[in-house]
Amino acid sequence: MAQPETFSFSRVTTFEQCPRRYRYRYLDGVREAFQSIEAFMGQQVHATVEWLYNQRLAGHEHAVEAAVGRYCTEFDKAHSASKPTVRVIRADMAAEYYRRSGAEMLADFHRRRFVADGLETVAMERHFVLDLGAGAPFQGYIDRLARDSDGTLHIIDFKTGARVPARFEGKDADQLDAYALALFTQTDADELVLVLEYLRTATAHTKRVRRSQIEEVRRRLAARIAAARSATVFPPIPGSLCDWCGFNDLCEAYPSRRVGPARFGR
Ligand code: SF4
């Protein structure tokens with residue numbers, strides 16, 4: 001079943017990267033045949049980071065061993081429950097490699113970022129819905145909303161992917177700019193701090209943004225949503241990420257498409 005027409009940042013970027021994938025997921029409502037092990041591992045790491053901060057909010061501090069232990073337990077539980085829909089794409093890798101890699105990045109994050117963090121957490125997974133005047137609402141989830149000692153709000157997003165940019169830029173930066181737009185709309189803040197936490201390197205890129213800069217963000221985001229909404233053709237754009245696309249068994253452009261059980265999209 002097609003999903004209701006609410007736009008997320010992920011929906012916008014899916015359209016821009018491959019309109020066919022966008023059509024399968026958001027217009028045809030087709031379920032992806034699998035989830036990549038990288039995305040699955042990222043979910044488990046995110047869940048444990050969220051747990052750590054929620055536990056701190058409730059007055060419980062957990063050592064690195066407890067965090068890693070919880071992650072491993074949840075990973076194993078979810079992995080055995082979700083088989084066979086979690087897929088290891090790279091032929092030279094096994095699920096155990098990703099499990100260990102998630103545990104290592106979580107341990108590093110705990111030692112180098114979590115322990116030293118002095119911000120007050122306001123909310124985890126803060127949901128917002130925003131009317132941009134683009135004909136469809138824009139929604140998102142802020143991984144962590146926190147406040148510093150000056151009272152300035154920090155919008156924090158945790159990234160577990162392999163790609164770590166050299167500075168605050170690109171798709172990750174655009175996403176946080178869009179989230180800042182929501183906070184400026186919903187609060188009277190004049191300035192916000194945007195934080196991209198890269199768990200793979202236990203580093204962060206930050207940017208301060210002022211209310212006066214945000215109109216341009218609104219204009220660009222509304223235009224991107226309008227482009228997706230008005231599209232009438234959805235060509236496939238094959239590339240290096242096709243192996244990780246859960247619709248590649250449907251897509252005629254998938255380079256290594258094999259003949260197998262057919263699924264039918266629009
Ligand atoms: S297999 Fe590649 S071209 Fe086809 S829908 Fe997926 S990402 Fe797009």
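A residue counts as buried if 20 or more other C-beta atoms lie within 10 Å of its own. That cut-off applies to the first view of this predicted model.

**View 1. Strand β5 is mostly covered.** β5 spans residues 153-159. Five of its seven residues are buried.

**View 2. β4 and β5 form an antiparallel hairpin.** Strand β4 covers residues 138-147 and is joined to β5 by four bridges. L145 has I155 of β5 as its bridge partner. Five residues lie between the strands of this hairpin. There, G151 takes a positive phi near 90°.

**View 3. β5 and β6 run parallel.** Seven bridges join β5 to strand β6, residues 191-198. L153 is partnered by L192 in β6.

**View 4. Domain 1 touches domain 2.** The domain assignment gives domain 1 as 9-115 + 236-244 and domain 2 as 120-227. Their centres, taken over C-alpha atoms, are separated by 20 Å. The contact takes 17 residues from domain 1 and 17 residues from domain 2. On the domain 1 side, α1 (9-17), α3 (37-57) and α5 (95-114) each give two or more residues. The largest share, nine residues, comes from α3. By class, the domain 1 side divides into eight nonpolar, four polar and five charged residues.

**View 5. The ligand is surrounded by 14 residues.** C18, P236, C242, C245 and C251 are the closest. Eleven residues of the shell are nonpolar, one is polar and two are charged.

Conventions
Residues numbered from 1 in each chain as written. Predicted model: local features only at pLDDT ≥ 70, side-chain atom pairs only at ≥ 80, totals over all residues. Near = placed C-beta within 6 Å. Nonpolar A, V, L, I, M, F, W, Y, C, P; charged D, E, K, R; others polar. Buried ≥ 20, exposed ≤ 12 C-beta atoms within 10 Å, placed from the backbone. Pairing = 2+ DSSP bridges. Domains from an automatic or database assignment. Contact = placed C-beta atoms within 7 Å.
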